[in-house]
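Please look at the sequence and the structure shown below.

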Amino acid sequence: LRFRIDSLDNQICSLLRQRFELALMTKKYKSNVIDEQRELVVLNRAKNFGDEIGIIYETIINECRKKQL
């Protein structure tokens, strides 16, 4: 079980890194990168997987925002 958890953690970290890089790239192509409506859609989709996933996604969105400012 630990091996599977470690493997999942590595995948999650890799995907998060990619997401942050894309958020940073968005800054280069858009003048207004904050799209609250889009963020709400993403957050609601995450909450469909469970409240705890929604909480985690709130943090992800906030951290991506920081990279875009």
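Predicted model: local features only at pLDDT ≥ 70, side-chain atom pairs only at ≥ 80, totals over all residues.

Glu-39, Val-42, Leu-43 and Ala-46 are the buried residues in α2. These residues lie on the same side of α2, because the arc that they cover around the axis is only 100°. Their packing partners are α1, which runs over residues 2-29, and α3. The helix itself takes in residues 36-47, twelve in number, and at 1.5 Å a residue these should span 16 Å; the C-alpha atoms at its ends are 16 Å apart, so the two values agree.

Glu-39 lies in helix α2, and it counts as buried because its relative accessible area is 17%, under the 20% cut-off. What does Glu-39 touch, leaving aside its neighbours within four places in sequence? Its contacts are Ile-34, Ile-61 and Arg-65. Arg-65 is 26 residues away from Glu-39 in sequence, and the C-alpha atoms of the two are 10.0 Å apart in space. Ile-61, another of these contacts of Glu-39, is among the buried residues of α3.

Lys-47 also belongs to helix α2. Is Lys-47 buried or partly exposed? With a relative accessibility of 36%, Lys-47 counts as partly exposed, since that class lies between 20% and 50%. Not counting residues up to four places away in sequence, Lys-47 touches Gly-54 and Glu-58. Gly-54 is one of the residues buried in α3. Ten residues along the chain separate Lys-47 from Tyr-57, and their C-alpha atoms are 8.4 Å apart.

α3 has 18 residues and reaches 26 Å from its first C-alpha to its last, close to the 26 Å expected at 1.5 Å a residue. Buried in α3 are Gly-54, Ile-60, Ile-61, Cys-64 and Gln-68. An arc of only 115° around the axis takes in these residues, so they sit on the same side of α3. The cover over the buried residues of α3 includes α1 and α2. On the face of α3 turned away from the buried side are the exposed residues Glu-52, Ile-55 and Lys-66.

Ile-60 lies in α3 and is buried because its relative accessible area is 9%, which is under 20%. Which residues does Ile-60 touch, not counting those up to four places away in sequence? They are Leu-16, Arg-19 and Phe-20. Arg-2 is 58 residues from Ile-60 in sequence, with 25 Å between the C-alpha atoms of the pair.

Gln-68 is in helix α3, which covers residues 51-68. Gln-68 counts as buried because its relative accessibility is 12%, again under the 20% limit. Beyond its neighbours within four places in sequence, Gln-68 is in contact with Ala-23, Thr-26, Lys-27, Val-33 and Ile-34. Ile-34 is also in contact with Glu-39.

The values for the whole chain can now be set beside these local features. The protein has three helices and zero strands, and its elements run α-α-α from the N terminus on. Its C-alpha atoms fill a box of roughly 45 × 25 × 15 Å along the principal axes. Of the 69 residues in the protein, 19% are buried. Among the contacts with a separation of 6 or more, 58% are between residues 24 or more positions apart. The pair Glu-39 and Arg-65, which are in contact, has a separation of 26 residues.

Surface and charge complete the account. The protein has an accessible surface of about 5900 Å², and carbon and sulfur atoms contribute 55% of that. Its side chains include 13 positive and 10 negative ones, and the centres of these two sets lie 6 Å apart.

Note on methods
Residues numbered from 1 in each chain as written. Heavy atoms only, no water. Helix = DSSP H or I, 4+ residues; strand = E, 2+ residues; numbered from the N terminus. Buried < 20%, exposed > 50% of the residue type's maximum accessible area, 1.4 Å probe, protein only. Contact = heavy atoms within 4.5 Å. Areas by Shrake-Rupley, 256 points an atom, 1.4 Å probe, with all protein chains shown as cover. Lys, Arg positive; Asp, Glu negative; His and termini not counted. Charge placed at Lys NZ, Arg CZ, Asp CG, Glu CD. Expected span 1.5 Å × (residues − 1). Arc of directions from axis to C-beta.
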